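Subject: Structure handover

Hi,

Here is the structure I promised to pass on.

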Amino acid sequence: MIARRIVAVTCLAVLCLLVVGGPRAANAQTKPEGEMRFALYVTISPQWFDPGEAVGQLTPFWILYAMHDALAKGMPSNLMSPSLAESWTLSADQKSYEFKLREGLKFHNGDPFTAEDVKFSFQRSKGKLIHAKVKEVVTVSPSRVRFVLHEPWPDFMSFYGTIVSAAGWIVPKKYVEQVGDDGFKKHPIGLGPYKFVSHTPGIELVMEAFEGYWRKVPSVKRLVFKSVPEATTRLAMLKRGEVDVAYLLDAPQAQEVRKDPNLKLAFSGGIGIFFLDFLEQWDPKSPWHDRRVRLAANYAIDRQALSDAETLGASIPMGNFVPPTFEFALKIAPYPYDAARAKKLLAEAGYPNGFDAGDFHQLPPYFSLGEAIINYFGAVGIRMKMRPMERAAYYKALETKKLKGVCVCSSALYGNAASRMSEVIPSDATYAYGGYPDIDDFYAQQARETDKKKREAILHKIQQLVYDRVRLGPIYQYIWPSGIGPRVAEPALMLINPYPWAAPLEEVRLKK
């Protein structure tokens, strides 16, 4: 049985290689041409240039897919596709993964890619869970690396080979040791299809095609990522031809694009789920400690109306923050909108006239969503005040447990139900402000369970307990509109499904 498993993993890797294409896959264009400009809705953080800094959030992969590469990553053919690793095998005792690396690859600065870079990149990466599970990393040879686990862990590849952590995304050991972590953020070097040119903080990131990229030569010579926080400005730039892709348009701007014959409306996303996190629920002195108050907050909001207003109805109301298509997901119906029931629950909890509920933190830049939720809360007596932040500052404050009140958070980790819950539900998770001992025990138990049916039962139990205790409040599975300009032949949106931005970036094309 184990032998068949090893063969299956290797054969899957070979099959994916055939689909993705080997080094220098067929590409009619031999030289990259032109410049393609993207209007981003966030301010780019230099932290996103370094895979070692990425943990528990999807945003850095916006940059990682351009400048870096991973042993395995999500691609159009497969969400766990071989990339820098040609294949991998699992040992008979299920405690060792060995990767066969592509040979002859070079970083943007000419340094050769070897197993030492893989080991180094893993050691400097963040992510407590995967580091706790890995006993050691052994460089078997320059083209082979072995990960040895403390015990069998069925989710190793879910965490290492998909967009859960960036532990499998590779940086050049020699260069990082020369310039240091801060120097690397100022001028990152990677293995990806585009190389760093310049970064003007708050303005733009400029990258140029790396013609030595192993998979294929990119079609577009130069990519420019512009930071444009205002949706109206992004649309205006798109109409004037200053950018070719305007990400994340609000509903009014999306309607304008839909009516403009020179522009195209495109939807993407689907991996992220927005949810309410009641950060003070662990404090006995806080009203949020009462389950009835948290339940009232869930009944207070109309999820479908929020989807209609924010995303032209594309986003899907959810009752679980694990996507229903994920392995081991428990399907839970979303809370219905019932303001009368919300008021009744607040009265039962001792707040017949409502209460001052503190700070409200909205994941940037979706502030109109936050304002709408605050209005729904206010209608039933939950009075809150928005505390807007820039995106990087928001994540830092959330991670360091400095926020209070309620957060509209988002989880976009790939993998399965276990990986999706990993950074939020266990007590020691990166973004958890507390937890439950029994759920912690169940989570540890499922991670060791190799019987699939037994593991599914445990993970279903965890998800049911999270729902029953109103640990959080899922809002919707986020699918959003962007505008595409007339020069674009291929925006590469949803080539990787689900994934929110253009990727893989070597596939974007301009019209001739």
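Let me start with the packing. The largest nonpolar core has 160 residues, and the members that touch the most others in it are Phe38, Phe99, Phe156 and Tyr247. By nonpolar core I mean a set of buried Ala, Val, Leu, Ile, Met, Phe, Trp, Tyr and Cys residues joined through side-chain atoms within 4.5 Å. Buried stands for under 20% relative accessible area, exposed for over 50%, and partly exposed for anything in between (1.4 Å probe, protein chains only).

Before going further, the ground rules: this is a predicted model, where local features need pLDDT of at least 70 and side-chain atom pairs count only at pLDDT 80 or more, while totals for chains, interfaces and linings use all residues. Residues are numbered from 1 along each chain as its sequence is written, and side-chain values use heavy atoms, with hydrogens and water left out.

Phe99 is worth a click. Leaving aside residues up to four places away in sequence, its contacts (heavy atoms within 4.5 Å) include Leu71, Trp88, Arg144, Phe147, Phe156 and Tyr160.

Now the strands. Helices (H or I, at least four residues) and strands (E, at least two) are DSSP runs numbered from the N terminus, and two strands pair if DSSP finds at least two bridges between them. Strand S1 (residues 33-40) runs parallel to strand S10 (residues 220-227), with 7 bridges joining them. S10 also pairs with strand S9 (residues 204-209), this time antiparallel, over 5 bridges. Arg222 in S10 has a partner in each: Glu35 stands opposite Arg222, and Glu208 has Arg222 as its bridge partner.

That brings me to the charged pairs. There are 31 salt bridges, counting a side-chain nitrogen of Lys or Arg within 4 Å of a carboxyl oxygen of Asp or Glu. Glu35 and Arg222 form one of them, with the closest N and O atoms 3.3 Å apart. The two residues are 187 residues apart, Glu35 in strand S1 and Arg222 in strand S10. Glu35 is partly exposed at a relative accessible area of 26%, and Arg222 is partly exposed, also with 26%.

Two others I'd look at:

- Arg144 and Glu98 form a salt bridge at 3.5 Å, N to O. Arg144 sits in strand S7 (residues 144-149) and Glu98 in strand S5 (residues 96-101), so this pair ties together parts that are 46 residues apart in sequence. Arg144 is partly exposed at 32% relative accessibility, whereas Glu98, at 17%, counts as buried.
- Arg471 and Asp277 meet at 2.9 Å, N to O, in a salt bridge. Arg471 is in the loop between helix H16 (452-468) and strand S17 (472-484), and Asp277 is in strand S12 (residues 264-278), 194 residues away. Both Arg471 and Asp277 are buried.

There is also a network: Asp50, Glu53, Arg124, Lys126, Asp181 and Lys185 are joined by salt bridges that share partners.

Last, the cysteines. How many disulfides does the structure hold? The count is 1, taking a disulfide as a pair of cysteine sulfur atoms within 2.5 Å. Cys407 and Cys409 form it, with sulfur atoms 2.2 Å apart. The link is right-handed, with 130 degrees about the S-S bond, and both Cys407 and Cys409 are buried.

Cheers
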